[in-house]
Amino acid sequence: MTIDSALKEKLRQDNNKLSKRIIRETATAITDYNMIEDGDKVMVCLSGGKDSYAMLDVLMTLKTRAPIHFDLIAVNLDQKQPGFPEEVLPTYLTQVGVPFHIENKDTYSIVKRLVPEGKTTCSLCSRLRRGILYRVADELGCTKIALGHHRDDILATFFLNLFYAAKLKTMPPKLVSDDGKHTVIRPLAYVTEKDLIAYAELKKFPIIPCNLCGSQENLKRKEVANMLRAWEKESPKKVWNIFKSLAAVAPSHLMDKNLFDFINLRPTGIADENGDKAFDEETFPDHRDEDSPEDMVTSSTTPPDTTRQKIISIQKL
Ligand code: SF4
């Protein structure tokens, strides 16, 4: 084997591993949170960025392998930003053979008219977008709305809330919308942004730039992203541990009186092996231990048996 062909073979193997990892992590997240059920019609929100392309691509693969039946429809909201290349998404979606709907709504002009020059436009823009997407989901008869947020979006939102809103909260993998009518899911919740960047390159998605609206970059989000990147460089396991901790919350060992009834807390008289030792100092394993970060994503909750059996074979990819 020549050096050239050996390198090509190594690249092919790496790409194969990357695709398998993204598919496996997405299937695990879907199973863990019972995101997609038999008979669902999933509205896949497609912005033209790398994450939403990857989400659609992986959901299309899972649809062909899943033992349950669900439908997909890709939806793009054309907000009429100057320079938006209208033909890119319809061409791509026709090529890959997925049903799609393009919703045309000039929110760009509304935002420009209502938000004073120099002020941030994102909050009004996303509020308008949310309302439109909920309406479109109703009109198309969709039972789930899928968004392309990934693991690092979830972590960044967690730290933004912690640092600037004094709250322990983030974007959940599944939620009911504020109007109480829609189930929103985030199938890429376990996938890292690094993998999604590599996947977009591998798949040659026709990415549409995300700065067409001329909005300034959110500096706080950038600062948190840099912090996470530095931690990841120091130890990928440390970042995975933070992520895993979001699914391993101990309300009795935090301070929220609404989550745990500290006021009426009394001794039960029954010994509990996992109970608080109170006086002992906790010991922690060294996070530099060389565990593969891939091992960190495991099923954290057990969905109902029927759902688990239906979806379990998706994971054997
Ligand atoms: S970056 Fe632009 S398109 Fe995105 S939410 Fe902000 S204003 Fe809207």
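Helices (H or I, at least four residues) and strands (E, at least two) are taken here as DSSP runs and are numbered from the N terminus. By that convention, Phe84 sits in the loop between β2 (71-78) and α3 (88-96). This is a predicted model, in which local features need pLDDT of at least 70 and side-chain atom pairs count only at pLDDT 80 or more, whereas totals for chains, interfaces and linings use all residues. Residues are numbered from 1 along each chain as its sequence is written.

The model contains an open sheet of 6 strands in the order β3-β2-β1-β4-β6-β5, with mixed pairing, where two strands pair if DSSP finds at least two bridges between them. Its edge strands, β3 (100-104) and β5 (174-176), each pair on one side only, and the twist averages 25° from one strand to the next. Axes are lines fitted to C-alpha atoms, for helices over the stretch in contact, and angles run from 0 to 180 degrees between N-to-C directions. Strands of a sheet pair through backbone hydrogen bonds, either parallel or antiparallel. Strand β1 pairs with β4 (residues 144-146) in the parallel sense over 3 bridges, and Val42 has Lys144 as its bridge partner in β4. Helix α5 packs on the sheet, touching β1, β2, β3 and β4, and its direction makes about 145° with that of β2. Contact between two residues means that their C-beta atoms, placed from the backbone, lie within 7 Å.

**The annotated site and the ligand**

An unreviewed UniProt entry places the feature "binding site" at Cys122, Cys125 and Cys213. These residues are spread over 92 residues of sequence but cluster in space, with a largest C-alpha distance of 9.9 Å. UniProt positions are given in the numbering used here, feature names are shortened, and annotations may be inferred rather than shown by experiment.

Cys125 belongs to helix α5 (residues 122-140) and, leaving out residues up to four places away in sequence, touches Thr107 and Val111. Cys213 lies in the loop between α7 (193-203) and α8 (219-234) and, with the same exclusion of residues up to four places away, touches Gln81, Tyr108 and Thr121.

The residues around the ligand are Thr121, Cys122, Cys125, Ser126, Cys213 and Ser215, a residue being near a molecule or strand if its C-beta atom, placed from the backbone, lies within 6 Å of it. This shell has 3 nonpolar, 3 polar and no charged residues, where Ala, Val, Leu, Ile, Met, Phe, Trp, Tyr, Cys and Pro count as nonpolar, Asp, Glu, Lys and Arg as charged, and the others, Gly among them, as polar.

**Burial and loop residues**

A residue is buried if 20 or more other C-beta atoms lie within 10 Å of its own, exposed if 12 or fewer, and partly exposed in between, with C-beta atoms placed from the backbone.

| Residue | C-beta atoms within 10 Å | Class |
|---|---|---|
| Cys125 | 20 other C-beta atoms within 10 Å | buried |
| Cys213 | 17 C-beta neighbours inside 10 Å | partly exposed |
| Phe84 | 17 C-beta neighbours inside 10 Å | partly exposed |
| Asn34 | 15 C-beta neighbours inside 10 Å | partly exposed |
| Lys204 | 8 other C-beta atoms within 10 Å | exposed |

Asn34, in the loop between α1 (3-32) and β1 (41-45), has a positive phi of about 45° although it is not a glycine. Lys204, in the loop between α7 and α8, has a positive phi near 55°. For Phe84, contacts beyond four places in sequence are with Asp78 and Leu212, and its C-alpha atom is separated by 9.6 Å from that of Cys210, 126 residues apart along the chain.
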